[in-house]
Amino acid sequence: MTEQRVPGPGDEAESVSCARVEAWKRAIQDSLVTAVGRFPAMATRNDRYLAVAHAVRDRLVRRWMRTGEHYYRQRVRSVCYLSAEFLLGPHLGNALVALGVLDEVRQAVEEMGWGFEEVLAQEEEPGLGNGGLGRLAACFMDSLATLRIPAIGYGIRYEFGIFDQEIRDGWQVEKTDKWLQYGNPWEVPRPEIAFEVKLGGRTEAFTDEAGRYRVRWVPAQVVKGVAYDTPIPGYRVGNVNLLRLFKAEAAESFDFAAFNVGDYYGAVEEKVGSETISKVLYPNDEPAAGKALRLSQQHFFVSSSLQDMIRIHLQASPDLTDLAGRWAVQLNDTHPAIAVAELMRLLVDEHGMGWDEAWSITRATFAYTNHTLLPEALEKWPVSLFGKTLPRHLEIVYEINRRFLDELRARFPGDEGLAARLSLVDEGGPRSIRMAHLAAVGSHHVNGVAALHSELLRRDVMRDFAAIWPEKFTNVTNGVTPRRFVALANPGLTRLVTEAIGDGWVRDLDELRRLEPLADDAGFREAWRRVKAANRAALAEAARQRAGVCADPASLWDVQVKRIHEYKRQHLNLLHVLTLYRRLKRDPGLASPPRTVLFAGKAAPGYATAKLMIKAIHSVAEVVNGDPAMKGRLAVVFWPDYNVKSSLPIFAGSDLSEQISTAGKEASGTGNMKLALNGALTIGTLDGANVEIREAVGAEHFFLFGLTVEQVERTWRDGYRPGERYEADPELREAVDALVSGEFTRGDRGLLRPLVHGLLTSDPFLVLADYRAYVEAQGEVEAAWRDPERWARASILNTARMGRFSSDRSIRDYAREIWRAVPAPVPVVEGEERPPCG
């Protein structure tokens, strides 16, 4: 799917200058020849995309260079955002909006006869993230630049990103994501910026010239981390920040001696082994080799990043004691938590600093964001693997832990239970390193990502840490960028809102509050409904093309788009679909409005239950969509290969947002924000950011159901027996039985039995417990949908009241409460955003 055009905020949509259009045409033609090496008659679709991309990138690079020089001269305090994922989405449309030149470039490309939408569609999405974590990092980079806060994002330049999802006979099949196969015009290789990263081997203790105890790491392998830079533009500002991703290369890529004696594999063995580290996003870590590779990946990008940060610091000052004064380093979850030990190693071993001074700097430098309440997602590494891969870091972790536990025992003498619970080393069972504990001990702040999540983090997951360091813990609720997820995703809504209140909302989302009085304006509600109808029609056409399902554009578009996981409860949604189907079959005259239920998301390759859930959705869809009685009444769509690029028409065209995770399991969620911001109403539990969204939009505009966190806990304490729920509710029993009746599985009664067995025997995420309340809430949805004026008013108010969920607000909170970072505005040079007209 293409990123749709924005009639945009800041674009001269009504009167694009002919001179500017001609200037862009010349620039694009020049890029085709000089950057792509093609003449027009031979240009392929990809050549045309590359020519436009290079022409636009050239304008960004000018601002980028001035930004770097400005930061250098001003000696600014900078944010380093360490993240294993950056799910950026396509660059071209976003860059055009940021520069404010979308309409003139569109017109230039169209006048060249190339087809602007085709050019946008050609861009491969950088698959550098798995889901919400990576997309949040991308939103934050957008907001940091827009707010003109100096920042560098650090991560891995994966050669192969998150897999492409194909559906074969209803099953997910993972295909290699070859996002780099045609090159990447947005990155700048920096072969001169490369760092040695050590792995394996042993350590040797020695005494230096001053008589101090020192340790030397003698590695078994040395990998080179090579920088690749991508400009991240702010919206209509002079600042362009830096995303620096590292590729793994061999320190010596070719062994001539081995080659000359006929050992041709041995000649390149080091190259192949080294490059494996940045080959793929999240290798399967079930086998031991996968675990070792994942740990190596985390150390590789963290070490390269910290070495680069120190290099930049030393260019301006020879004094590393001021490191924490110049840099604020944010750990985006536990993947980069090894940075605590690595910075200590660099300061103590490489730069000769004393332990106490280095530890003071380290704790003042790092802050840690926790993204999960699921115990299995809090990373732990077996001590044996950790020591084999990072022998020096294991020693450092042990020393950090010894000193920390000594302090703890001094404060709480005799409480060995507390010491065991807080230790960086888990001694229960096979010994392991607790990465969340390392991050908490080595950081000055720990934050959750929604108010409820932060409360549960303090109360449960990190209760003891919060008790001894209450001042460390805070909340910063996640947010999303309105530039991509409204301005790019929803041009019709962008036009309507901008005509009503001006374009200031794109930079200050709180401006949307000015829409509230218009919710009571009949003319505006009618205009809003027209926009939503057009978006639904576009979504219906996209669903036909992608999934082969012909759904009613005028139906209620009920969407659940997120990673496939049991706690996100796509199977609860599916049970409602089965209930609705049975009701319609029993009573063809039932006054149930037409509904299209759309699912989208990927299952982790090794997660068998999630993959079976995808198969179940397709099995039900096959029967429902093939039943003539359901035409115009009910349709089920599974949207394959869901990603940032393909998500935009879904956000624009949806009416109902399914946020139905078990209370207490979702940290925040951001899909809920994107959908509500585009005018979808939410059906959901009191989980993650749903709580704050409901408070913001008004309880009357949110379809609430399900157990609360406290009720979930009580349900388990009281001895939850899902079979009793199944027996007590005839419609639930009918829906569950349908999955194993053979009716929806071409006669195969055993296909979905593992899914049903899990629900009936353990139901770990309380699907059956929440079923009846969910079905009743869906009845409330139907009643509201039957009243178009009521629904339109609620939709407008949802959008109007979502200002606090901008990633700009999130970044302001981080900057004020955690980073102590301030803007460093780069002056805008008039005309710099486009080629010269002369």
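**Aromatic rings and a helix**

Analyst: Phe246 counts as buried because its relative accessibility is 0%; buried means under 20% relative accessible area, exposed over 50% and partly exposed in between, with a 1.4 Å probe and protein chains only. This is a predicted model, in which local features need pLDDT of at least 70, side-chain atom pairs count only at pLDDT 80 or more, and totals for chains, interfaces and linings use all residues. Residues are numbered from 1 along each chain as its sequence is written, and side-chain values use heavy atoms, with hydrogens and water left out.

User: How is a pair of aromatic rings described, and how many aromatic pairs are there?

Analyst: Such a pair is described by the distance of the centres and the angle of the planes. Rings of Phe, Tyr and Trp (its six-membered ring) pair if their centres lie within 6.5 Å; planes under 30 degrees apart are stacked, over 60 edge-to-face, and the rest tilted. The count by this rule is 16 aromatic pairs. Among them, Phe140 and Tyr814 are edge-to-face, at 5.6 Å centre to centre and 70 degrees between the planes. Phe140 belongs to helix α6 (residues 132-146) and Tyr814 to helix α33 (residues 807-819), so the pair ties together parts 674 residues apart in sequence. Helices are DSSP runs (H or I, at least four residues), as are strands (E, at least two), numbered from the N terminus.

User: Which residues form one aromatic cluster?

Analyst: Tyr81, Phe140, Tyr814 and Trp819 do.

User: Where does the charged end of Lys674 sit?

Analyst: The charged end of Lys674 sits over the ring of Phe485, 4.5 Å from its centre. The rule requires NZ of Lys or CZ of Arg within 6 Å of the ring centre and within 35 degrees of the ring normal.
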